[in-house]
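Let's take a friendly tour of a protein complex, one piece at a time. Have the structure open and follow along.

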Amino acid sequence: MATAFLQIHSKPSRISTLTISYFLFAAGIAAYFYTAAQRHRDNPEERVTPTLQQMAQGFYDAALKPAEEDADLADNATLSQRIFGSMLWKDTKATSRRFALSMLLLLPAVILGMHMGLFPYVGVFFLRFVLFFDKIVALSLLPILFIAFGIDELSKIMLIVIGVTPTIILDAFNLTKGVPPEQVVKAFTLGANDFDVAYRVVLKQIWPRVLNSIRLNLKAVMLFLFAGEMIASTDGLAYRIALLRRHMGMDVIIPYVLWVALLLFLVDLAMRMANRWLHPWFREA
Amino acid sequence: MTLIRIDNVSIAYGNPPRTVLDEIDLHIDEGEFICLVGQTGCGKSTLLRLVLGSEQPSQGRVLIDGREHKRPDSTRGYVPQKYSLFPDKTVLDNITFGCEVSEFGLLGLLTPRYYQRRAEFRAQAYGYLRRIGLTESDAKKYPDQLSGGMQQRVAIAQALMTKPRILLMDEAFSALDPGTRKGMQRLIRQLWRDTGTTVLFVTHNMHEALFLGTRVIVLAKETPEHGSRVALDLAVPEHCGDEEAALLTHRLESISEGSAEMEAATPAIS
């Protein structure tokens, strides 16, 4: 066992897999609380590394109390009234709305990429431009977006669209190119027309891979969304983080960061499950 | 009656152009089982793609029933060596896809008549499924749950469902193991007899060509610089004994390897 450890051929047992894979989580948490405890001993007013109680209190307040800018709830409000009137709910709702809208706008990108891969003239028309557009750093366009679309919702959505759609278009294009030409020819010999080939043969085949590619780009979507919210917004999870940073509200910021990670993980998981459920034929390579 | 007329067809690729097929002239009658043979790179698959319409000749014309077809369509069925089935559709849906797609567009899928017709297509597909030797429980499987031989069986059924006048098969059995291959050969012979479809079958295996075809066409290059021409156009005798078949196989192989090599090889044997 000792000799097999750290070799290519070593086979970790179930128990060691479980313990080893959670080691870094445990070490990270332990290191944090050790540092926090130490800093609080030195300075009881410490705000950079809140203790567990402070964070729990911060999260509790966020999840059950309205935001500072909103009116207080009545004292006899029910639990659901408290939750739906809370700061966390308000911010999550605002961010989710923008996120969902941008995801919807990725759909035309997939369709466009598929057409580019399948129809030579569409490909010739768009490919160079999209390749060029892909290289533009979306955040550098932010000032222009604010001028062109105003500082409200539209400019933030456009930032995500400009930042992520070229990648999705090119991905869908490449995936379409990857469909064996035999499939297209076969469909034609079975009586399909161009439209049938595009939507009943090719799009159906690339769809699970497209979903995977969107999953990989979720991080980019969130990145652009947060950038937009931090710079110009009056609600949203990233707005709150940026706002609380000004008065060192780490007791809320840290739970917020974990909350965002959890949400993103759940979205990713849901997409993975949906992919498996909708495409039982698809084997991940 | 001539169904496929390949009229003085040449095709060249690349820059500078390299001729692959050089002035091919062929007449193929309805109901024939043609086997196209030749060595790797002789252009037999290219000739098949010309008939298929997925490639266009640099010179000459390919006429099907007196008309040029510039792109693949439902007059010619196609069974390639790989990727012959749609991976996202079950066996049953693969077989019925041709009928569905030729009768119903995307919007047609929403009409009630579609479901009525689909039931008929499925009944027909089950008939084919039994003929190709699959069970009803295979109908719900996806292609990658089937063996290579089973996949090709389904691909043949899929192509025959739309009743094409011509069936084009490109090395359709070449990836299969010998036992499976024998079964497939018997199956396609049987289906050819039953349906009367004209078959154009590309293979590099002379034995297979002689077993299957009513006519074997050998493509070969006269010199390495030239494109391939028809080196032999052989009507296969109806009843071909083992000895005769072995001799024919040998003859086909020497022709496809080219006369120059044969002359060089002959003294060494004697």
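## Contacts and the overall build of chain B

Two residues are in contact if their C-beta atoms, placed from the backbone, lie within 7 Å. With that in hand, look at chain B of this predicted model. Take the contacts in chain B between residues at least 6 apart in sequence: 72% of them join residues at least 24 apart.

Chain B has eight helices and 10 strands. Its C-alpha trace spans about 70 × 40 × 35 Å along the principal axes. What radius of gyration does chain B have? The value is 20 Å, which agrees with the figure near 18 Å that a compact globule of 270 residues would have. As for burial, 37% of the 270 residues of chain B count as buried.

## Two domains in chain B

Chain B splits into domain 1, covering 1–75 + 165–270, and domain 2, covering 83–163. The C-alpha centres of these two domains of chain B lie 29 Å apart.

Where do the domains meet? In chain B, 12 residues of domain 1 are in contact with 10 residues of domain 2. On the domain 1 side, helix α5 (residues 178–195) of chain B gives the most, with six residues. That side of domain 1 of chain B is made up of nine nonpolar and three polar residues, with no charged ones.

## A buried strand

Now find strand β6 (residues 76–79) of chain B. Arg76(B) and Tyr78(B) point one way from this strand, while Gly77(B) and Val79(B) point the other way, and all are buried.

β6(B) has a partner, strand β7 (residues 166–170) of chain B, and the two pair in the parallel sense over four bridges. Across from Gly77(B) stands Leu167(B) in β7(B).

## Where chains A and B touch

How many residues of chain A are in contact with chain B? There are 20 of them, and they meet 24 residues of chain B. The elements of chain A that give two or more residues to this side are α9 (181–189) and α10 (194–231). The largest share, seven residues, comes from α10(A). By type, the side of chain A that touches chain B divides into nine nonpolar, five polar and six charged residues.

## Helices in chain A

Helix α11 (residues 237–246) of chain A has a run of buried residues: Leu237(A), Ala238(A), Tyr239(A), Arg240(A) and Ile241(A). The buried residues of α11(A) pack against α5 (87–118), α10 and α12 of chain A. Just after α11(A) comes Met248(A), with a positive phi of about 55°.

Next, find Val260(A), in helix α12 (residues 250–278) of chain A. Is Val260(A) buried or partly exposed? A residue needs 20 or more other C-beta atoms within 10 Å to be buried, and 12 or fewer to be exposed. Val260(A) has 18, so it is partly exposed. The C-alpha atoms of Val260(A) and Met222(A) are separated by 9.4 Å, though the two are 38 residues apart along the chain.

## How confident is the predictor?

For the complex, the predictor gives an ipTM of 0.88 and a pTM of 0.86. Chain B has a mean pLDDT of 86, and 94% of its residues reach 70 or more. One stretch to treat with care is residues 260–270 of chain B, where pLDDT stays under 50. For that stretch, the model has two contacts beyond four places in sequence.

How values were computed. Residues are numbered from 1 along each chain as its sequence is written. Chains are lettered from A and ligands numbered from 1 in the order in which they are written. This is a predicted model: local features need pLDDT of at least 70, side-chain atom pairs count only at pLDDT 80 or more; totals for chains, interfaces and linings use all residues. Ala, Val, Leu, Ile, Met, Phe, Trp, Tyr, Cys and Pro count as nonpolar, Asp, Glu, Lys and Arg as charged, and the others, Gly among them, as polar. Domain bounds come from an automatic or database domain assignment. The radius of gyration is taken over C-alpha atoms; the globule rule is 2.2 Å times the number of residues to the power 0.38. Two strands pair if DSSP finds at least two bridges between them. pLDDT is the predictor's confidence in each residue, from 0 to 100.
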